[in-house]
Amino acid sequence: MTRRDFLQMSALAGAAAATPLLFANEARAQAFKGDDQPVRIGYLPITDATPLLVAHGRKLFEAEGLRTEAPRLFRSWAQIVEAFIAGQVNVIHLLSPATLWVRYGSGFPAKVVAWNHVNGSALTVDNGINKIADLGGKTVAVPFWYSIHNILLQQLLRANGLEPVTRARDSALRANEVNLVVLAPAEMVSAMASRNISGFIVAEPFNAAAETAGIGKILRFSGDVWKNHACCVTFLSERDIAERPEWAQRVTSAIVKAQLWTRSNQTDTAKLLSNGDAHRYTPHPLQVLTKVLATTDYTGYERSGIIHHRDWNQRRIDFQPYPFASYTEALVKALRETKVEGDTRFLAKLDPQAVARELVDDRFVRKAIQEVGGPAAFGLPANLLRNEVIAA
């Protein structure tokens with residue numbers, strides 16, 4: 001996600017920029033009646049997209065009676081949002097904070113119908129950095145301003161007496177300042193290898209890739225800061241939900257079943273997503289994806305002090321689809337305290353509880369979870385309620 005991409009995405013908040021995309025969306029919507037429209041997935045090649053790709057690769061959409069097209073890979077969040085608004089794709093995974101921007105910042109009516117996964121991100125740093133305080137005077141990359149990565153990084157920095165700033169890369173920094181820049185995930189490992197940045201916080205498997213190549217090391221897992229947080233969520237247009245509720249249900253059911261299968265088949269999931277599989281969903285090697293999806297031994301991380309909360313008993317990435325209202329409410333509050341670029345005035349007008357009701361539609365995922373055995377199948381509480389735990 002380059003600065004140009006961010007400005008391009010921000011321009012969608014203007015009616016003039018968004019209108020041609022909305023006309024295109026209208027034309028595509030009229031081409032299909034009822035549930036006949038095919039599932040058109042848009043995704044970035046990160047593990048956040050796992051449920052969508054597993055559902056496609058294992059033909060779970062077809063098992064629900066849906067037609068599918070080949071998933072479409074995008075390189076930036078700006079591209080995927082534009083394609084979604086234009087109707088070129090109709091099922092996407094999107095950064096959970098970015099859904100706030102799309103619905104309330106740009107005014108495009110869309111809803112979260114499920115979470116894609118929990119955790120699955122980390123703060124990776126140069127091998128010479130051993131603690132958060134060592135990032136003072138350094139530059140760290142985030143994938144997008146409206147991301148859980150940006151939120152958690154800034155919480156970590158403030159908790160350690162550091163101030164996040166956004167300046168030109170050649171600007172002088174005080175010893176307590178950390179300069180934040182936006183980079184596409186695929187550029188982060190090479191940027192750190194060339195010492196253009198001292199660290200990055202991003203979705204997997206780029207953290208594992210840096211570890212495997214010996215370029216950097218994990219300093220903190222995101223799920224060790226915000227327990228079982230959402231990163232990417234499944235996003236559908238409100239029009240599809242209102243006019244094609246059975247289609248939306250079938251899409252959600254397939255994604256829920258994909259997550260349940262993934263939890264018990266981590267190695268097979270890594271193979272399916274790897275560059276050695278016939279689908280070629282991602283460019284990542286099996287070794288790196290296996291490190292993310294299938295590794296359960298965290299003894300080394302615990303011994304080095306990287307994991308602060310052993311009692312949370314978390315996987316590096318895990319999968320559960322239910323979108324807790326408590327998380328959405330906490331997300332709105334956290335985003336207000338986070339430094340982002342662009343027009344953020346819409347955030348001040350948001351009521352966290354109202355957002356949890358308006359942005360999220362959990363009807364379909366509740367039904368889908370019951371179809372596979374209920375909340376216990378995912379280790380969730382029967383009442384589908386929880387308290388958010390954040391410990392930077």
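Contact here means heavy atoms within 4.5 Å. The model is predicted, so local features need pLDDT of at least 70 and side-chain atom pairs count only at pLDDT 80 or more, while totals for chains, interfaces and linings use all residues. Residues are numbered from 1 along each chain as its sequence is written, and side-chain values use heavy atoms, with hydrogens and water left out.

Select Asn 207 in helix H9 (residues 206–213); helices are DSSP runs of H or I with at least four residues, strands are E runs of at least two, and both are numbered from the N terminus. Asn 207 is buried, at a relative accessible area of 0% (buried means under 20%, with a 1.4 Å probe and protein chains only). Leaving out residues up to four places away in sequence, its contacts include Ser 121, Thr 124, Phe 200 and Arg 316.

Next, go to the second largest cavity, about 70 Å³ in volume. A cavity is a set of points on a 1 Å grid over the protein atoms alone where a 1.4 Å probe fits but cannot get out; a pocket is an open set with protein on both sides within 12 Å along at least five of seven lines; lining residues have an atom within 4 Å of a point. Grid points are joined across faces, edges and corners, and a volume is the space filled by probe spheres set on the points.

Select Trp 115, Tyr 327 and Leu 331, which are among the lining residues of this second largest cavity. Helix H15 gives the most to that lining, with three residues.

Finally, select Asn 228, Gln 320, Phe 378, Gly 379 and Leu 380, which lie nearest the centre of the largest pocket. That pocket holds about 300 Å³ of space.

Technical notes: Buried means under 20% relative accessible area, exposed over 50%, partly exposed in between (1.4 Å probe, protein chains only).
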